[in-house]
Amino acid sequence: MAGKKVSLPKGMRDFGPQQVRKRQYILDTIREVFEIFGYQPIETPVMEQLSTLNGKGGAESDKLLFKVLNSGDFLKKADENALNEKASSKVIAQISEKGLRYDLTVPLARYVVMHQNDITFPFKRYQMQPVWRADRPQKGRYREFWQCDADVLGSESLINEMELIQIFERVFKTFNIPVKVHLSSRKLLAGMMELIGQEDKMIDFTVALDKLDKIGVEKVQDELRARGLNEKAVELIPSIAALSSEKDVMKSSFIAALEKTSNGAEGVREINTIMSRLDFACRSIIIIDPSLARGLDYYTGPIFEVKSELFKGSIGSGGRYDNLTGIFGLPNVSGVGISFGLDRIYDLMQEQNLFPDFSAASTKVLLTYFDEEKLPPLFGIVSMMREANIKAELYPAPVKLKKQFKYANDKGIPYVVLYGDEEADSGEFTIKDMEKGEQFKMDFEKLLEFLKQ
RNA sequence: GUGGUUGUAGCUCAGUUGGUUAGAGCGCCGGAUUGUGGUUCCGGAGGCCGCGGGUUCAAAUCCCGUCUUCCACCCCA
């Protein structure tokens, strides 16, 4: 038995049959909703040029990138000095020119730029594929995980934002997952920067502000000071924190103050427009949350994040980006998109027991194999069952019935049909209901009829 | 990337201050049942104690390294 030691790379996982069924259920549900809203599927390769992946994001996202070595004798082409100095980043540039995608948005931008002449705008596409990040794994953070994205490119209309929120609402309602969609706008943040007069510190402000619900007002203030933000910024934090108990955030004095800035006014208009267009079901799951600060640095307008009280961490997110294709040479294409985190939704549903019963998805009937004489009729029988769209399988060897029954039992097959000497003589099949433990005899016509139900 | 944590049978885990032959439950295989699973009873197989080094008369146990797991950061979806 002593098999060779096999293992998986850090953060990579296998999925067994039951897990795949559940994952496919999530994917199917999301896909169906995307399709209903008029999005069309695309797929892109797992690898992109590093130059594409580095198009956005700086040194930080570079750390998360899985790089792929060049083919051939790649070290020959590397600079000797760089090698001797062990200057990793210099060497990498010379021995690796492609990497695994770490999200689906950058590949989308690349796709749109490359196929701009074939695309009719607005371009509504969805994409459900794995992405990879060289992060240190922990709960809800995997090195290989799936994103389910829907994006609209080439339309500035806020109707798109509205529809994407409707998609969130519909998908999570189908899953019976109670969620809140946190809504804000990057422009609100820009407005705050105007208020404090430190427009250049937006990233630092954002990173610290994002931790508000986690570490509290004072620690955020400490971090702001450490990051070089002024006292005006520090004083903003308590009023932002107070918004969470506000019954109508948009009517708060904080928003009124923001509205006096040019960016802030624009952000307020965006949010009010989106809210005014949403029906009650969608409005009721929205939390206007100006402390919502996370998001990639390419977001420029409305931003969303989906959270559930049943799960730590977000299970969906999205936002508008005005110039994502600009870095690849196609300016003035505004886009907005959302993303579902398949793996986190899976974890949540698994923990909360929200998956439906998939037992009907497996084989419905197992035909036992007694001896070779019965094989020709058995082939015919199993074929006719399959013709009738009954999920049927024939046990592939004439082993002990005990073993064949155990196979059916372990696999959750609800019916076992026996065709041995007795049945061949009488012309009636024996069928056993595995759940009830009862068995009956019936002719083939009745058997088919019975199994079709 | 930083700090911590975990690893013993297929799985979940015991294993005393270092001390003979490393255990349990579940699962697996066989039999009771040569045409019947799931329940019951009886029997059996299965271990480089993550890997490498060190300390010791002696290491699953102590030390170092490494890989892996999970957690908290950093950051991020």
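The legends below describe close-up views of a predicted model.

Residues are numbered from 1 along each chain as its sequence is written, and chains are lettered from A and ligands numbered from 1 in the order in which they are written. Local features need pLDDT of at least 70, side-chain atom pairs count only at pLDDT 80 or more, and totals for chains, interfaces and linings use all residues, while side-chain values use heavy atoms, with hydrogens and water left out.

**View 1. Phenylalanine 34 and tyrosine 126 form a tilted aromatic pair.**
The whole structure holds 18 aromatic pairs. Rings of Phe, Tyr and Trp (its six-membered ring) pair if their centres lie within 6.5 Å; planes under 30 degrees apart count as stacked, over 60 as edge-to-face and the rest as tilted. In the pair of phenylalanine 34 and tyrosine 126, the centres are 5.4 Å apart and the planes make an angle of 45°. The pair links distant parts of the chain, 92 residues apart: phenylalanine 34 is in helix H1 (residues 17–36) and tyrosine 126 in strand E5 (residues 123–132). Helices (H or I, at least four residues) and strands (E, at least two) are DSSP runs, numbered from the N terminus. Phenylalanine 34 counts as buried because its relative accessibility is 0%, and tyrosine 126 counts as buried at 4%. Buried means under 20% relative accessible area, exposed over 50%, and partly exposed in between (1.4 Å probe, protein chains only).

**View 2. Tyrosine 298 and tyrosine 299 form an edge-to-face pair.**
The ring centres of tyrosine 298 and tyrosine 299 are 5.3 Å apart, with 80° between the planes. Both tyrosine 298 and tyrosine 299 are buried.

**View 3. Ring pairs join several aromatic residues into a cluster.**
The cluster consists of Phe34, Tyr39, Tyr126, Phe168, Phe172, Phe304 and Phe340. Over the face of tyrosine 39 lies lysine 124, at 4.8 Å from the ring centre. A charge sits over a ring if NZ of Lys or CZ of Arg is within 6 Å of the ring centre and within 35 degrees of the ring normal. Another such contact places the charged end of arginine 23 over the ring of phenylalanine 15, 3.8 Å from its centre.

**View 4. The second largest pocket lies between domain 1 and domain 3.**
Chain A is divided into domain 1 (13–66 + 102–176 + 317–355), domain 2 (179–308) and domain 3 (362–452). These bounds come from an automatic or database domain assignment. The second largest pocket lies between domain 1 and domain 3 because both give residues to its lining. A pocket is found on a 1 Å grid over the protein atoms alone, as an open set of points where a 1.4 Å probe fits, with protein on both sides within 12 Å along at least five of seven lines; lining residues have an atom within 4 Å of a point. The volume of the second largest pocket is about 280 Å³, taken as the space filled by probe spheres set on the points, which are joined across faces, edges and corners. Its lining is made of Pro17, Gln18, Arg21, Lys22, Asp357, Phe358, Ser359, Ser362, Asp410, Lys411 and Gly412. H1 and helix H17 (401–411) each supply at least two lining residues, and H1 gives the most, with four. By class, the lining has two nonpolar, four polar and five charged residues. Ala, Val, Leu, Ile, Met, Phe, Trp, Tyr, Cys and Pro count as nonpolar, Asp, Glu, Lys and Arg as charged, and the others, Gly among them, as polar.

**View 5. A cis peptide bond joins phenylalanine 121 and proline 122.**
Omega of this bond is about -5°. Proline 122 lies in the loop between helix H6 (105–114) and E5. Most residues other than glycine have a negative phi, and most peptide bonds are trans.

**View 6. Asparagine 176 and asparagine 389 each have a positive phi.**
Phi of asparagine 176 is near 60°. Asparagine 176 is in the loop between helix H7 (159–174) and strand E7 (180–185), and is exposed, with a relative accessible area of 58%. Phi of asparagine 389 is also near 60°. Asparagine 389 lies in the loop between helix H16 (375–387) and strand E13 (392–394), and is exposed, with a relative accessible area of 72%.
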